[in-house]
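Reader: Could we go through the salt bridges of this model, and then its surface?

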Amino acid sequence: MDCKPLIYFGRQLFRRKYVDCSSEETRLARCLNTLDLVALGVGSTLGAGVYVLAGAVARENSGPAIVISFLIAALASVLAGLCYAEFGARVPRTGSAYLYSYVTVGELCAFITGWNLILAYVIGTSSVARAWSATFDELIGKRIEIFCHQHMAMNAPNILAEYPDIFAVFIILLLTGLLSFGVKESAMVTKVFTCINVLVLCFVMLSGFVKGSLKNWQLSENTFINGTNSTENLTERDSTWHYGAGGFMPYGFSGVLSGAATCFYAFVGFDCIATTGEEVKNPQRAIPFGIVASLLICFVAYFGVSAALTLMMPYYLLDKNSPLPVAFKYIGWDGAKYAVAVGSLCALSTSLLGSIFPMPRVIFAMAEDGLLFRGLARINKRTKTPLIATVVSGVVAAIMALLFDLKDLVDLMSIGTLLAYSLVAACVLVLRYQPDQFSNATYQMANTSDDTDMTESASTSESQAEVLQGNDRLSLNVVLFPENTHPTQQSGSLVNTCVGFNGLFILILCLFTVYAKDPLLEGKPWSICLLLVIMLLCTFFTVIIARQPENKTKLSFKVPLLPYLPVVSILVNVYLMMQLDRGTWIRFSVWMVIGCVIYFAYGIRNSSESSSSRLSTDRTARVFKDTGSVSNGEAVAPEKEAFIHDIDEYPADSRNTEDDV
């Protein structure tokens with residue numbers, strides 16, 4: 001049986017993107033600075049959650065210990081943020097996690113990542129637009145809702161919304177037009193709204209520290225009983241609600257962890273910074289700094305607001321939907337609700353911009369690579385923005401905001417985002433343990449060293465080529481105590497295998513802890529033994545990765561504590577994905593089926609990155625010649641020629657694929 005067609009098809013699925021980061025040429029406008037990125041990250045992340053989420057989590061999950069919940073959630077988000085920061089330094093190009101997966105794992109995985117990012121951004125834009133409309137409608141006495149109920153009601157429960165939200169459509173189309181005018185103009189609006197939002201939150205924090213009392217962090221059960229009998233804020237339904245054991249952690253540490261899982265989603269949004277790689281000045285430094293700085297600012301804001309809330313009033317009296325106005329009313333500052341309303345609308349506006357901004361960039365990157373329809377990759381000559389992708393993104397989000405309530409679809413945002421976080425962490429693991437020659441030939445990753453370093457590396461190419469192959473037979477001694485100080489093809493392949501097995505056992509571990517929770521809590525021996533075996537296997541593969549030689553390429557930012565930090569990040573992300581319900585996974589499967597139809601019917605045939613194309617072979621050969629020879633014209637090393645020959649094994653495809661990259 002001839003297996004060549006099957007092998008060729010498999011290579012098409014896992015072909016990787018060539019990225020020459022030594023060139024700063026781009027079809028987009030490089031006009032953003034570091035401050036613009038910080039404002040974009042803070043605006044996208046510090047959205048409506050700070051005005052709603054803190055009250056709900058403090059009341060039902062964590063109590064005053066919500067500050068610890070936000071701390072844990074921030075640490076989990078920083079794990080993903082650091083991985084994004086390293087890739088921002090390595091590959092400063094438009095595409096975010098989609099591009100990072102493409103240059104490291106392969107085309108199919110990259111398409112899945114990009115397809116889910118599009119879903120997350122579409123739903124995020126639509127849901128925030130409806131929240132903006134509802135908040136504004138609340139300020140004017142719900143006149144929009146009453147009018148729409150009377151004249152435009154849609155009688156399709158559990159399928160469509162109660163009424164079409166025309167005001168949300170208007171908001172989305174308005175911001176879509178703003179983004180079409182240019183990225184600099186939208187960045188200025190984002191900075192203004194973000195500054196107003198931060199000022200309002202500073203006012204909230206100062207108010208809480210001035211009018212608050214530490215007694216609200218030291219409540220007892222007697223206080224609960226007395227407070228319940230005399231409080232108008234509690235409804236009859238809430239009168240049987242359990243308030244916990246009192247003190248700083250009324251629900252125990254399990255409640256703190258439960259609250260942290262919810263608070264984690266409050267930090268989603270910083271990844272939009274990674275989509276600006278071709279629109280930022282000095283992206284290799286600005287993107288890592290922007291991601292880390294925005295996460296730090298958001299943590300301080302969430303920590304301060306949640307502390308202020310629980311100091312101003314007992315946590316069990318907090319309102320789940322609008323905690324800040326109720327808290328100011330509790331301390332006698334009714335007029336402060338207007339400042340809160342202004343801050344809330346500004347936060348929703350920046351969050352909406354943060355959702356709309358990266359979506360056309362991901363679509364543009366995928367269309368430019370041929371995985372989506374190439375017409376979406378057209379750039380407006382005057383504004384230098386992906387105009388068609390921006391308009392299409394806005395129209396799709398507007399239709400969803402018009403027709404759907406989106407309550408059942410919001411969890412799909414979490415799947416797409418968490419999947420992207422996990423893949424980026426895995427890509428960091430894979431790439432940091434690959435040999436220099438392999439990395440340069442395939443990816444041409446960005447390097448912060450001077451041009452003279454290329455000559456120095458060329459002079460030592462022969463010595464590096466000797467250790468590139470790593471011909472030692474695989475044994476436990478070679479795996480745990482490798483002799484080479486530089487990565488080889490053998491050690492790189494070993495790391496790839498270990499990362500794959502580690503991901504598999506992390507998935508099994510998370511499934512087991514979620515669906516076998518009762519036997520574990522009851523302390524049944526079989527469940528504990530099985531849990532320990534899975535954990536030991538994960539630890540074993542992580543230790544093997546840690547023992548392999550690491551790539552010494554200089555970058556403006558590198559993830560610390562490799563490989564442990566990315567592995568923990570993958571574990572946290574997969575565990576949170578397992579918390580989602582069955583209906584969400586079914587809707588996710590439907591979305592993936594649609595994506596697979598598009599990829600196998602169009603994308604795989606029109607992809608610009610084909611390992612069988614002559615252009616790819618010539619391009620890789622040129623990279624080896626450029627990096628493997630010095631100015632006096634030395635011959636290319638035999639090992640490199642062999643590598644080029646391996647790539648040239650399959651003949652060029654007969655199709656003339658359009659390449660407008």
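Author: R432 is buried, at a relative accessible area of 3%; buried means under 20%, exposed over 50% and partly exposed in between, with a 1.4 Å probe and protein chains only. This is a predicted model, in which local features need pLDDT of at least 70 and side-chain atom pairs count only at pLDDT 80 or more, while totals for chains, interfaces and linings use all residues. Residues are numbered from 1 along each chain as its sequence is written, and side-chain values use heavy atoms, leaving out hydrogens and water.

Reader: Which residue forms a salt bridge with R432, at 2.5 Å?

Author: E550 does, 2.5 Å being the distance between the closest N and O atoms. A salt bridge here is a side-chain nitrogen of Lys or Arg within 4 Å of a carboxyl oxygen of Asp or Glu.

Reader: Where does E550 lie?

Author: E550 is in the loop between helix 24 (525-547) and helix 25 (564-578), and R432 is in helix 17 (residues 410-432), so the pair ties together parts 118 residues apart in sequence. Helices are DSSP runs of H or I, at least four residues, numbered from the N terminus.

Reader: How many salt bridges are there by this rule?

Author: The count is six. One of them pairs D369 with K17, with the closest N and O atoms 2.7 Å apart.

Reader: Are D369 and K17 buried or exposed?

Author: Both D369 and K17 are buried.

Reader: Turning to the surface, which residues form the nonpolar patch?

Author: L173, V391, V395 and I399 form the patch. Helix 16 (residues 387-403) contributes the most, with three residues, and L173 is found in helix 8 (residues 166-181).

Conventions. Patch = residues over 30% accessible without salt bridge, like charges linked within 9 Å, V, L, I, M, F, W, Y side chains within 5 Å. Areas by Shrake-Rupley, 256 points an atom, 1.4 Å probe, with all protein chains shown as cover. Helix = DSSP H or I, 4+ residues; strand = E, 2+ residues; numbered from the N terminus.
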